[in-house]
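The report below describes a two-chain model, beginning with a single residue and widening to the chains and their contact.

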Amino acid sequence: MKVLLIVTVILVLLSLLLDRQKTWLGICRGMKMFLGILPDLLVVLVVAAVLLAMVPESTMVRFLGVKSGPAGMMMAAVIGSVALVPGFIAYPLAAVLHRSGVALDVIAVFITTLMMVGVITLPVEQRYFGWKVALWRNGLSFVGAVVVGLLMGLFL
Amino acid sequence: MKSGSKTFAKYVFTAAFVVAVFVSLRFDSAPGITAGLHFREFLLEMAAFLPLMFVLVGLMDVWLPRSVIERQVGSGSGIKGALWMIALAMLQAGPLYGAFPVAQLLWRKGCGTRNIFVYLGAFSTLKLPMLTFEIGFLGLRFSLLRTLITLPVFVLIAVIMDVVLRPKGLVVRDPADEGV
């Protein structure tokens, strides 16, 4: 997060130095785009929050913990695809899973699907790319995440 | 023309949820409160990075001329274009939905289809803020291995997307331009 803040502040200052008017125009355009997607995004966050309340982290840990091998990997891929868990929760969760005996390749699948595949965010992705592209990207990413897990298993 | 009621209608669902959370608080109903706390968590996460992403998008919009984007990361840009995309993605932060507006801007300015998906792949898996977190919790070895394996995988996904979309071409819309 800090990296992004530093990069943004430096670029805004640089931009202000070069052309004040252009800078404000850019920031205004950015904010207009932000407000354009905000309502959809809020709906997604509400749905994600309700889902997470119904299926708490402890349940996820239990589901991921009991199975290993191919079944565990598929379970990790499905949970990772549906869940919308921020990084600052996902990594501590992954560390807990690892300590409780879940194999690292299963954890790699979980992390990778969590990052690349977003079933809950599809309504937002679809607003930008359309359903066809959104489904293709998520489908390929799902397969890709499993491939990453299998390859990790070979090296770990 | 945008009417006030239309703007309001888009927030009805979220507003209803917030009201429901307050009702849960009043009657001390655990599921509603838990959902409310998660929502606040997600909201704070979004507020911490998304406005910054949009400021970056706005600045890129006014400063980067189409000719530069086309030359550097257009469809004929090769490996150098992909490296630009990865470098841009690594300096950013937040969940994947923050990358969609950047992808929209890049597309509008002439970025190639393959590079759009290289950007999305790199954004989801190689962001520096995320990598530091990952190394802290799962170790350098895990992080390095995952990074090295994921890179060719998402590049391959981008190549496939490019082939799939070639007949009709990629279109990325800006939701702010459309009504509802």
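Leaving aside neighbours within four places in sequence, A:Val109 is in contact with A:Met73, A:Ala76, A:Ala77, A:Gly80, A:Ala145, A:Val146, A:Val148 and A:Gly149, where contact means that the C-beta atoms of two residues, placed from the backbone, lie within 7 Å. This is a predicted model, in which local features need pLDDT of at least 70 and side-chain atom pairs count only at pLDDT 80 or more, while totals for chains, interfaces and linings use all residues. Residues are numbered from 1 along each chain as its sequence is written, and chains are lettered from A and ligands numbered from 1 in the order in which they are written.

A:Val109 also belongs to the largest nonpolar core, which has 96 residues, and it is one of the five that touch the most other members, together with A:Leu45, B:Ala103, B:Leu106 and B:Tyr119. Such a core is a set of buried Ala, Val, Leu, Ile, Met, Phe, Trp, Tyr and Cys residues joined through C-beta atoms within 7 Å, and a residue is buried if 20 or more other C-beta atoms lie within 10 Å of its own. Helix 2 of chain B gives the largest share of this core, twelve residues; helices here are DSSP runs (H or I, at least four residues; strands are E, at least two), numbered from the N terminus.

Chain A is divided into domain 1 (1-54) and domain 2 (56-156), with bounds from an automatic or database domain assignment. The C-alpha centres of these two domains of chain A lie 26 Å apart, and their contact takes seven residues from each of domain 1 and domain 2.

Chain B has eight helices and zero strands, and the following values describe its overall form.

| Property of chain B | Value |
|---|---|
| Radius of gyration (over C-alpha atoms) | 20 Å |
| Box of C-alpha atoms along the principal axes | roughly 60 × 50 × 30 Å |
| Buried residues | 41% of the 180 residues |

For comparison, a compact globule of 180 residues would have a radius of gyration near 16 Å, by the rule of 2.2 Å times the number of residues to the power 0.38.

Between the chains, 67 residues of chain B are in contact with 67 residues of chain A. Among the elements of chain B that give two or more residues to this side are helix 1 (4-26) and helix 8 (140-165), while helix 2 of chain B supplies the largest share, 23 residues. By class, this side of chain B has 51 nonpolar, nine polar and seven charged residues, with Ala, Val, Leu, Ile, Met, Phe, Trp, Tyr, Cys and Pro counted as nonpolar, Asp, Glu, Lys and Arg as charged, and the others, Gly among them, as polar.

Conventions. Buried ≥ 20, exposed ≤ 12 C-beta atoms within 10 Å, placed from the backbone.
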